[in-house]
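Subject: Structure handover

Hi,

Here is the structure I promised to pass on. Please open it alongside this message. My notes follow below.

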Amino acid sequence: LASIAVPKQDTVAEQTVKGSKFIGSVARATSADDADAFIAAVRKVHYTANHNVFAYRIDTSDQAARSSDDGEPSGTAGLPVLRQIDRLGLAQIVLVVTRYFGGTKLGTGGLIRAYGDCAAEVLSQTPLETFVQVQEWIWQHTYDQTPEVTAMLHHQPVFVAHRSYDAAVSLTLWSATVDTDRIARAAHDAVRGSSKLEPTRIRWVPASKIQD
């Protein structure tokens with residue numbers, strides 16, 4: 001299963017470099033809107049700061065990452081923060097580094113180190129949770145098909161997330177996204193096509209749920 005590590009809770013850490021105060025703030029963000037809202041909230045708290053540099057990554061694609069130097073020299077702030085996020089393989093995360101200027105200029109190298117170090121420090125203090133990507137399915141079958149369905153599920157890499165019983169049995173299943181054709185064929189063969197396994201959506205779920 002494809003996996004990512006995401007923040008379990010908001011975290012704040014602070015460092016001082018040659019009189020400048022750097023404050024790193026981390027939160028989970030499942031969308032760009034979530035990230036933008038958190039950045040706006042940090043800016044509101046630190047409205048007197050000289051810079052509120054940020055980076056975020058929603059998922060593992062290049063299009064899902066963004067960073068901003070917020071007035072610092074190009075490439076000295078946002079990218080060092082994003083590199084720390086990517087170094088740990090994190091996603092669904094937004095990280096803002098706030099700077100209160102202390103009177104001493106740090107230079108290009110000094111800024112890169114200061115922003116990267118602050119990001120690394122707050123990330124080191126952030127509890128993480130592993131999420132895995134799954135294909136979710138709904139399978140409704142008759143009660144007399146239960147033995148065949150149970151046997152199929154036992155022999156396929158499928159996790160039963162939920163069961164409900166009414167006029168028919170309804171199962172919510174999770175599988176690896178790479179196994180979709182295999183799972184669909186196995187379900188068809190198990191009940192000879194008399195009930196259908198329907199894919200619903202691809203989602204990220206806590207790895208602990210799969211292990212349970």
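A residue is called buried here when its relative accessible area is under 20%, exposed when over 50%, and partly exposed in between. Keep in mind that this is a predicted model.

Helix α2

By that cut-off, helix α2, residues 78–87, has Gly78, Pro80, Val81, Leu82, Gln84 and Ile85 buried. What covers them? The cover of these buried α2 residues includes strands β4 (51–57), β5 (65–68) and β6 (93–100), and also helix α3 (107–124).

Setting aside neighbours within four places in sequence, Leu79 is in contact with Ser67 and Asp69. Gln92 is 13 residues from Leu79 in sequence, and their C-alpha atoms are 17 Å apart.

Most residues other than glycine have a negative phi.

- Asp70 is not a glycine, yet has a positive phi of about 45°. Asp70 lies in the loop between β5 and α2. Its relative accessible area is 27%, so Asp70 is partly exposed.
- Gln92 also is not a glycine, and its phi is positive, near 50°. Gln92 lies in the loop between α2 and β6. Its relative accessible area is 6%, so Gln92 is buried.

The cores

Nonpolar side chains tend to be buried together in soluble globular proteins. The largest nonpolar core in this model has 22 residues. Which of them touch the most other members? They are Phe22, Val81, Ile85, Leu95, Val97, Tyr115 and Leu123. Elements giving two or more residues to this core are β3 (20–28), β4, α2, β6 and α3. Helix α3 gives the largest share, 7 residues.

Take Phe22 as an example. Leaving out neighbours within four places in sequence, its contacts include Val97, Leu106, Ala114, Tyr115 and Cys118. Ala13, Glu14, Gln15 and Val17 are also among the contacts of Phe22.

Another core lies apart from the largest one. This other core has 15 residues, among them Val149, Leu153, Leu173 and Leu197.

The whole chain

The protein chain has 6 helices and 10 strands. Its radius of gyration is 23 Å, well over the 17 Å that the globule rule gives for 212 residues, so the chain is more spread out than a compact globule. Along the principal axes, the C-alpha atoms fill a box of roughly 75 × 25 × 25 Å.

Of the 212 residues, 44% count as buried. Look at contacts between residues at least 6 apart in sequence: 73% of these join residues at least 24 apart. The chain exposes about 11,000 Å², and carbon and sulfur atoms supply 48% of that area. There are 21 positive and 23 negative side chains. The centres of these two sets lie 6 Å apart.

One more residue

Where is Tyr47? It is in the loop between α1 (32–45) and β4. Tyr47 counts as exposed because its relative accessibility is 67%. Arg201 is 154 residues from Tyr47 in sequence, and the two are 40 Å apart in space, C-alpha to C-alpha.

Best wishes

Notes. Residues numbered from 1 in each chain as written. Predicted model: local features only at pLDDT ≥ 70, side-chain atom pairs only at ≥ 80, totals over all residues. Heavy atoms only, no water. Buried < 20%, exposed > 50% of the residue type's maximum accessible area, 1.4 Å probe, protein only. Helix = DSSP H or I, 4+ residues; strand = E, 2+ residues; numbered from the N terminus. Contact = heavy atoms within 4.5 Å. Rg over C-alpha atoms; globule rule 2.2 N^0.38 Å. Areas by Shrake-Rupley, 256 points an atom, 1.4 Å probe, with all protein chains shown as cover. Lys, Arg positive; Asp, Glu negative; His and termini not counted. Charge placed at Lys NZ, Arg CZ, Asp CG, Glu CD. Core = buried A, V, L, I, M, F, W, Y, C linked by side-chain atoms within 4.5 Å.
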